[in-house]
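Here's a quick briefing to read alongside the model. Have the viewer open and follow the topics one by one.

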Amino acid sequence: MKETQQDTQLNSQLNSSFGNNGGGGYTVFAPTDNAFNNLKPGTLNSLTQQQQVSLVQGHVLPNFYSMDSFQTASNPVRTQASGRDGPYTLNITSDTNNQVNVSSGVVDVRINNALYNAKPLAVYSVDKVLLPMELFGAKAPAAAPTASEGKPRKGGSSDASSPAGSEDAEPTGAASARAVGWSVAGLAAVLGYLL
C-alpha cells in the first residue's frame, strides 16, 4: 500500500467518511505475508505502476461490511479499482456455517478473521492475494506463427527462442520486500489513523 501511496489515499478517504457522520466506510482484504510468498515468482514484477495500484485497490471495497452484512451483499461487489472495462469486482458468498468466501474470478479465498471491524473501517485477513480477472484472467490466444517463424535458420537457430526477462523471472530483492511487506506496512498505516 505504501509503495503505491494507496495508504495515504485510503486514510484521507476514511477521514472524510468518518467526518461525514455515517459515510459508507471501507472494507479492506489484507493478504497475509504467506499469500505474497505463494505468488508465482515474477507476478508483481510483471505489473506496471498503474497495475500495482489497481491490484491494491482491488482489495478495497468502498463500503463498510461486517461479517454479517456479507451475507446480503449483492454480487458482483465493486472495488476501488477500475480499468478500461469499468470497475473491478469481487463475488462474495457465505454458506450456512457463516463462512464467507471471496472470489476475484481468478482466486477464491475464505475470509479468516477480522483484524479490525468498527465503522467506518473493516479489515479482514485473507490467505491469498486477490488477483483481479482484469489483470490475471485468461488472455486472448496469441496469433499462430507464420510458416517462416518456426523454421530453424541455417546454423540451427530458431526465431522461437524465449525472450530474456520473461515473466517467470525471480523477483528482485526490492520487489520481494515490497510484496512481503504490503499487508503489514499497509495495514499498519491504515490502522495508524484510528489509534
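Predicted model: local features only at pLDDT ≥ 70, side-chain atom pairs only at ≥ 80, totals over all residues.

Numbering runs from 1 along each chain as its sequence is written, and side-chain values use heavy atoms, with hydrogens and water left out. Helices (H or I, at least four residues) and strands (E, at least two) are DSSP runs, numbered from the N terminus.

**The sheet**

- Seven strands make up an open sheet with mixed pairing, in the order β2-β1-β7-β6-β5-β4-β3; two strands count as paired if DSSP finds at least two bridges between them.
- At the edges sit β2 and β3, each of which pairs on one side only.
- Helix α3 (residues 49–57) packs on the sheet and touches β2, β3 and β4; contact here means heavy atoms within 4.5 Å.
- The direction of α3 makes about 175° with that of β3, where axes are lines fitted to C-alpha atoms, for helices over the stretch in contact, and angles run from 0 to 180 degrees between N-to-C directions.
- Strands of a sheet pair through backbone hydrogen bonds, either parallel or antiparallel.
- β3 and β4 go antiparallel, over four bridges, and Gly-83 has Gly-86 in β4 as its bridge partner.

**Strand β1 and its neighbours**

- β1 pairs with β7 in the parallel sense over six bridges, and Pro-31 stands opposite Val-126 in β7.
- With β2, β1 pairs in the antiparallel sense over two bridges; look for Thr-27, whose bridge partner in β2 is Leu-61.
- How many residues of β1 are buried? Six of its six are, where buried means under 20% relative accessible area, exposed over 50% and partly exposed in between (1.4 Å probe, protein chains only).
- In a regular strand the side chains alternate between the two faces of the sheet.
- Both faces of β1 are covered: Tyr-26, Val-28 and Ala-30 are buried on one side, and Thr-27, Phe-29 and Pro-31 on the other.
- Over in strand β7 you'll find Ser-125, which is buried at a relative accessible area of 9%.
- Setting aside neighbours within four places in sequence, Ser-125 is in contact with Ala-30, Thr-32, Ile-111, Asn-112, Asn-113 and Leu-115.

**Aromatic rings**

- The count of aromatic pairs comes to four; rings of Phe, Tyr and Trp (its six-membered ring) pair if their centres lie within 6.5 Å, and planes under 30 degrees apart count as stacked, over 60 as edge-to-face and the rest as tilted.
- One of them is the tilted pair of Phe-29 and Tyr-124, at 6.3 Å centre to centre and 35° between the planes.
- That pair links distant parts of the chain: Phe-29 belongs to strand β1 (residues 26–31) and Tyr-124 to strand β7, 95 residues apart.
- Phe-29 is buried at 0% relative accessibility, and Tyr-124 is buried with a relative accessible area of 0%.
- Ring pairs link Phe-29, Tyr-65, Phe-70 and Tyr-124 into a cluster.

**The salt bridge**

- The structure holds one salt bridge, meaning a side-chain nitrogen of Lys or Arg within 4 Å of a carboxyl oxygen of Asp or Glu.
- Its partners are Arg-110 and Asp-95, whose side chains meet at 3.8 Å, N to O.
- Arg-110 lies in strand β6 and Asp-95 in the loop between β4 and β5, so the pair ties together parts that are 15 residues apart in sequence.
- Arg-110 is partly exposed at 38% relative accessibility, and Asp-95 is partly exposed with a relative accessible area of 31%.

- Most residues other than glycine have a negative phi, and most peptide bonds are trans.
- Pro-76 is found in the loop between β2 (60–61) and β3 (77–83).
- Asn-98 has a positive phi, near 60°, in a residue other than glycine.
- Asn-98 sits in the loop between β4 (86–94) and β5 (100–103) and is partly exposed, with a relative accessible area of 46%.
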